[in-house]
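Here is a short report on one protein chain. Keep the structure in view as you read, and find each residue as it is named.

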Amino acid sequence: LYQKANTNSKSNQKQTNSKQNYNEINMDRLRTDDGTRVKAGVSDPALKRSFRGHRDTISAVQFNPNLKQVASSSYDGCINVWNFKPDLRPFKFVGHKGAVNDIAFSPAGNILASCSKDQTIRLWNNNVEGYSTAIKAHSGPIRSINFSCDGQLLLSGSDDKTMKVWSVSDRRFQYSLSGHSNWIRSCKFSPDSRLIASGSDDKTVRLWDTTERRNIHTFNDHSGIVKTVQFHPDGTCIASGSEDRKIKVWDIRSKRLLQHYDAHSDNVNAVAFHPSGSYLLSASNDATLKIWDLRQGHILYTLYGHEGASTAVAFSPSGEFFVSGSTDTNVMVWQSNLEESPQDHHDEAS
């Protein structure tokens, strides 16, 4: 599916720097590998907006499927929903009694799910009132939350070493998945919701069948805690990032390792596939974001925008934009300029 990875191909890497002016962001300069300063081209990633409002590390970022909002969660216990239109104030959702570790929009965008160190899940009405219902879900902090493709089920992963599946309509528990021997950091439904992928402090990535409700394969290639897992948009591959500083991509049909990247100089905290499936975005404690060309198997861009560890990333539904979060408490929205794609209402984010 992809070319063999080559992370040392310097000729293919561009390093992009953003100016740290959060009122007037002018992302117009580029530095090449030889240090030459050049004008950034229209095809290079560009920082469009930056949002400030959290008081602690950003734990997760997500685009609303309606493309007019970005949500962020933080260890400060709050969730902010940012509107692209400058005359619309952000929503702030307060209700958790501990750090908020993850968020997810329902496919329709009308519900925002969150999970917390306080061992609860909250389902928020995505409006200015911000009414929520709470589910006492696990016996340990909950680190990951994800909707099924039809929005009818919700998946949670916890430090109690289990994942649980819930029905959204009545907030009822459906079933549990056990097998990891340590905390679960990340769990995701496949695009068709027939499978689940999970990553854990036990250094494994596991694949689960939602019909049989069991673990069907375990990938043992990482040598550190697995911080993040994501399904490829076509559902045939899984990408994972780890504290071993590496990114791995597996084919879930053949159970073979497709690509291996010595990706960052510190922990890999988050990865996200471009909707085309051709690119992968990663965030690391080394304060950089990196974009990988999966077709050619090499790094495409290294982005410097955050002043602290990069902790969260997500693409917009068409891939025209991506959003990042950091320990610097800033949420940044970038125009990806990776390839031609349907417009994400560009005027909303400009």
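## The chain as a whole

The accessible surface of the chain comes to about 14200 Å². Carbon and sulfur atoms hold 43% of that surface. Note that this is a predicted model.

The chain has 350 residues, and 62% of them count as buried. Its secondary structure consists of one helix and 31 strands.

Look for the open sheet with the strand order 21-22-23-24. Its pairing is antiparallel. Which strands stand at the edges? They are strand 21 (226–231) and strand 24 (256–262). Each has a single partner strand, so one side of each has no neighbour in the sheet. On average, neighbouring strands of this sheet are turned by 20° against each other, direction ignored.

Strand 22 (residues 237–242) and strand 23 (residues 246–251) run antiparallel, and five bridges join them. Take serine 240 as an example: its bridge partner is lysine 248, in strand 23.

## The largest nonpolar core

In soluble globular proteins, nonpolar side chains tend to be buried together. Here, the largest nonpolar core has 17 residues. Leu289, Ile291 and Phe322 have the most contacts inside it.

## Aromatic pairs

How many aromatic pairs does the structure hold? There are nine. One of them joins tyrosine 261 and tryptophan 292. Their ring centres are 4.7 Å apart. Their planes are at 45°, so the pair is tilted. This pair links distant parts of the chain. Tyrosine 261 is in strand 24 and tryptophan 292 is in strand 27, 31 residues apart. Tyrosine 261 has a relative accessible area of 0%, so it counts as buried. Tryptophan 292 is buried too, at 1% relative accessibility.

Phenylalanine 315 and phenylalanine 322 form an edge-to-face pair. Their centres lie 5.7 Å apart, with 70° between the planes. Elsewhere, Phe91, Phe93 and Trp124 form one aromatic cluster.

## A closer look at isoleucine 135

Find isoleucine 135 in strand 12 (residues 132–136). Is isoleucine 135 buried or exposed? Its relative accessible area is 8%. Buried means under 20%, so isoleucine 135 is buried.

Next, check what surrounds isoleucine 135. Leave aside its neighbours within four places in sequence. Isoleucine 135 is then in contact with Gln119, Thr120, Ile121, Trp166 and Arg171. Phenylalanine 173 is 38 residues from isoleucine 135 along the chain. The C-alpha atoms of these two residues, isoleucine 135 and phenylalanine 173, are separated by 9.4 Å.

Technical notes
Residues are numbered from 1 along each chain as its sequence is written. This is a predicted model: local features need pLDDT of at least 70, side-chain atom pairs count only at pLDDT 80 or more; totals for chains, interfaces and linings use all residues. Side-chain values use heavy atoms; hydrogens and water are left out. A nonpolar core is a set of buried Ala, Val, Leu, Ile, Met, Phe, Trp, Tyr and Cys residues joined through side-chain atoms within 4.5 Å. Buried means under 20% relative accessible area, exposed over 50%, partly exposed in between (1.4 Å probe, protein chains only). Helices (H or I, at least four residues) and strands (E, at least two) are DSSP runs, numbered from the N terminus. Accessible areas come from the Shrake-Rupley method with a 1.4 Å probe; for residues, only the protein chains shown count as cover. Two strands pair if DSSP finds at least two bridges between them. Axes are lines fitted to C-alpha atoms, for helices over the stretch in contact, and angles run from 0 to 180 degrees between N-to-C directions. Contact means heavy atoms within 4.5 Å. Rings of Phe, Tyr and Trp (its six-membered ring) pair if their centres lie within 6.5 Å; planes under 30 degrees apart count as stacked, over 60 as edge-to-face and the rest as tilted.
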